[in-house]
Amino acid sequence: MEKRNWGLWIKSAGVRAARTMAQTTVAMLPAAATITAVDWSTVIGTALLAGIASLLTSLGGLPEAENV
């Protein structure tokens, strides 16, 4: 069985999840809305769900953490 560098995997998966969450947050903001018109609970909840989905997808493999 091959050893895995879990520290690298956690860092790589965390970076991917954070990027996914940021992209989701931006995508959820309506272009014409003012900052007070945004439903922040929906935006944050959706971003967190996207981050969790990203972490689960990373379990299938991360090119950045392969062959380590």
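Trp 6 and Trp 9 lie three residues apart in helix α1 (residues 6-28), which means that about one helical turn separates them. The model in which they are placed is a predicted one. One aromatic pair is found in the structure. This pair is edge-to-face, because the ring centres of Trp 6 and Trp 9 are 6.0 Å apart and the ring planes stand at 70 degrees. The two residues were also examined for exposure. Trp 6 is exposed, with a relative accessible area of 53%, whereas Trp 9 has a relative accessible area of 13% and is buried.

Another tryptophan, Trp 40, is located in helix α2 (residues 40-58). Its relative accessible area is 34%, so Trp 40 is classed as partly exposed. Trp 40 also contributes to a nonpolar surface patch of about 460 Å², together with Leu 29, Ile 35, Ile 44 and Leu 48.

For the protein as a whole, the secondary structure consists of two helices and zero strands. The radius of gyration is 15 Å, well over the 11 Å given by the globule rule for 68 residues, so the protein is more spread out than a compact globule. The C-alpha trace spans about 55 × 15 × 15 Å along its principal axes.

Of the 68 residues, 21% are buried. The accessible surface comes to about 5,000 Å², and carbon and sulfur atoms account for 66% of this area. Among contacts between residues at least 6 apart in sequence, 76% join residues that are at least 24 apart.

Methods. Residues are numbered from 1 along each chain as its sequence is written. This is a predicted model: local features need pLDDT of at least 70, side-chain atom pairs count only at pLDDT 80 or more; totals for chains, interfaces and linings use all residues. Side-chain values use heavy atoms; hydrogens and water are left out. Patches are made of residues with over 30% relative accessible area and no salt bridge: like charges are joined within 9 Å, nonpolar side chains (Val, Leu, Ile, Met, Phe, Trp, Tyr) within 5 Å. Accessible areas come from the Shrake-Rupley method with a 1.4 Å probe; for residues, only the protein chains shown count as cover. A salt bridge is a side-chain nitrogen of Lys or Arg within 4 Å of a carboxyl oxygen of Asp or Glu. Helices (H or I, at least four residues) and strands (E, at least two) are DSSP runs, numbered from the N terminus. Buried means under 20% relative accessible area, exposed over 50%, partly exposed in between (1.4 Å probe, protein chains only). The radius of gyration is taken over C-alpha atoms; the globule rule is 2.2 Å times the number of residues to the power 0.38. Contact means heavy atoms within 4.5 Å. Rings of Phe, Tyr and Trp (its six-membered ring) pair if their centres lie within 6.5 Å; planes under 30 degrees apart count as stacked, over 60 as edge-to-face and the rest as tilted.
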